[in-house]
Amino acid sequence: SNKNHIKFSLMEEEKQIVCGQLPQTSLCDFDPPKLKTRKRNKYAIACSFLASLSSILLGYDIGVMSGAIIYIKKDLNINDVQVEILVGILNLYSLLGSAAAGRTSDLIGRRSTMVVAAVIFLIGALLMGFAPNYAFLMFGRFIAGIGVGYALVIAPVYTVEVSPESSRGFLTSFPEVFINGGILLGYVSNVAFSKLPTHLSWRFMLGIGAIPSVFLAISIITMPESPRWLVMKGRLHEARIVLNKTSESPEEAECRLRDIKEAAGIPEHCNDDVVQVPKHPKGDNVWKELFISPTQSIKHIVLTGIGIHFFQQASGIDSVVLYSPTIFERAGIKSDHDRLLATVAMGCVKTLFILVATFLLDRVGRRPLLLTSFGGMTISLVLLSIGLTVIDRSNGQVTWAVALCVMMVSVYVALFSIGAGPIAWVYGSEVFPLKLRATGFSVGVAVNRVTSGVISMTFLSLEKAITIQGAFFLYAGIAGIAWVFFFTLMPETQGKTLEETVALFGTFFEWRSTSRELKGKKINNNDEIQMATGDVSS
């Protein structure tokens, strides 16, 4: 009779689950262990790859400006302040695109927003390539900056929304991979066109950036729309098709659809092809939930999700990448061509290590990589500053100090690429709840670009004020503060669904206890189910 009672209870519970009467129980909790060893979904990889092509736009501009500015300065006879503004202003212009991208992508879809980004950057690149003077060049950078802002927001958001849970870190790191690929292409373009006459070299360097935009616009035709956006619009049939293609099993597809429907406020029993989505209050409701009257969980999410973008840029990466020829000149490399070649070598190191990071994110986790990254960056910046100080105070060339500087620049960008670079985009795009994700991530990107703009527009002035080694000592201090921030406040999100991730936040410095409690509950639920099914089978 005891066995019959258990059988009856399980049958009743199964009926309740099917009917949607137990929404707190998710199929994700009962996934068999073998699901964790499946191969990566090739269709999801292809979608993420194509979406991340938009990130090349920013990378190319960063890389190409580091060399083009040498020839722009000579050709247009501009001073250091104009150089700083020209180099860094695109980051501030990109704020307009970033601010509009969240609402635009919610309105017309993630895929269509990528087309907007590509077209805008295409126009900007052509304007820069044909610029006759400094003012026209600044206008071209204004247009290109808006396109970059759109691309920076939409690529990570789309990628995280099509990615299955087990590959989310790997796939969401693709935008950073392509930013680094774009930087390397920019460096190569600098070397390729450096032998042209001065008035043509920089125009070819900048104008050729229109080519990636064309490839991006064409590739978007083959991509599906984001399943989360489709659910938000009530198009469940289309969302189910995309989820079946981008998930690792039909069970996972149904699990993801269930979670998305719950987050969008759609009742679980609604399974029509097109359903009516509950309307949320219009106006500033999203902004209100994020900043005006947020819950404790949202406060914690905003702090870490935006803080990671701030520290990624405040630790000085753009100063190293944009002004690497200047750094190498201070280190003792005088030839323009040799400095550009050294920059290409640095770009190869940066790209190589970002590829390494993509394979470690879902194996090692976000926290270990990020803490290793910022800890190593702090040490390498200190050693770079020491090397530059020795060179500055010596009468002749100090070979070991020159080698130390070149090595520490490479070590710094390698450590950045293995942690701080990709994880800012992965973490920043996965921690926000569904209805706040596009807007929340847009704010994070805005902070990222403002910080980047401030860093890149003040480096030459900072060098004059406190010397170049003093600037890097300052960046080292910021990187050290970042390490403490992430160690104390950043929960690990590896291996969790986007909806489960939100539950980790809200306890700030006590997030470790919350993580242990959630893990314990999940283990207990699985144990209870296994015991019950074992009794029935016996």
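Author: I379 lies in helix α19, where a helix is a DSSP run of H or I with at least four residues, a strand is a run of E with at least two, and both are numbered from the N terminus. The model is predicted, so local features need pLDDT of at least 70 and side-chain atom pairs count only at pLDDT 80 or more, while totals for chains, interfaces and linings use all residues. Residues are numbered from 1 along each chain as its sequence is written, and side-chain values use heavy atoms, with hydrogens and water left out.

I379 counts as exposed because its relative accessibility is 52%; the classes are buried under 20% relative accessible area, exposed over 50% and partly exposed in between, with a 1.4 Å probe and protein chains only. Together with L383, I386 and F473, I379 makes a nonpolar surface patch of about 330 Å². Helix α19, residues 366-393, gives the largest share of this patch, namely three residues. A patch is built from residues with over 30% relative accessible area and no salt bridge, joining like charges within 9 Å and nonpolar side chains (Val, Leu, Ile, Met, Phe, Trp, Tyr) within 5 Å. The areas follow the Shrake-Rupley method with a 1.4 Å probe, and for residues only the protein chains shown count as cover.

Charged contacts come next. The whole structure holds 11 salt bridges, each defined by a side-chain nitrogen of Lys or Arg within 4 Å of a carboxyl oxygen of Asp or Glu. One of them joins the side chains of R110 and E161 at 2.9 Å, N to O. This pair connects distant parts of the chain, with R110 in helix α5 (residues 110-129) and E161 in helix α6 (residues 134-162), 51 residues apart. Both R110 and E161 are buried.

A salt bridge between R330 and E463 has an N to O distance of 2.5 Å. R330 belongs to helix α17 (residues 324-330) and E463 to helix α21 (residues 434-466), so this contact ties together parts 133 residues apart in sequence. R330 is partly exposed, at 35% relative accessible area, whereas E463 is buried, at 11%. Salt bridges link R330 and E463 with E329 and R339 in a network.

The side chains of R240 and E254 also form a salt bridge, at 3.4 Å, N to O. Here R240 sits in helix α12 (residues 236-246) and E254 in helix α13 (residues 250-264), 14 residues apart. E254 is partly exposed, because its relative accessibility is 35%.

The structure contains 15 aromatic pairs. Y93 and F142 form an edge-to-face pair, at 5.0 Å centre to centre and 90 degrees between the planes. Y93 lies in helix α4 (residues 80-108) and F142 in helix α6, so the pair ties together parts 49 residues apart in sequence. Y93 is buried, at 19% relative accessibility, while F142 is partly exposed, at 27%. F485 and F486 are likewise edge-to-face, at 5.3 Å centre to centre and 80 degrees between the planes. Rings of Phe, Tyr and Trp (its six-membered ring) pair if their centres lie within 6.5 Å; planes under 30 degrees apart count as stacked, over 60 as edge-to-face and the rest as tilted. F485 is buried at 14% relative accessible area, and F486 is buried at 1%. F485 and F486 belong to a cluster in which ring pairs also link F310, F311 and F374.
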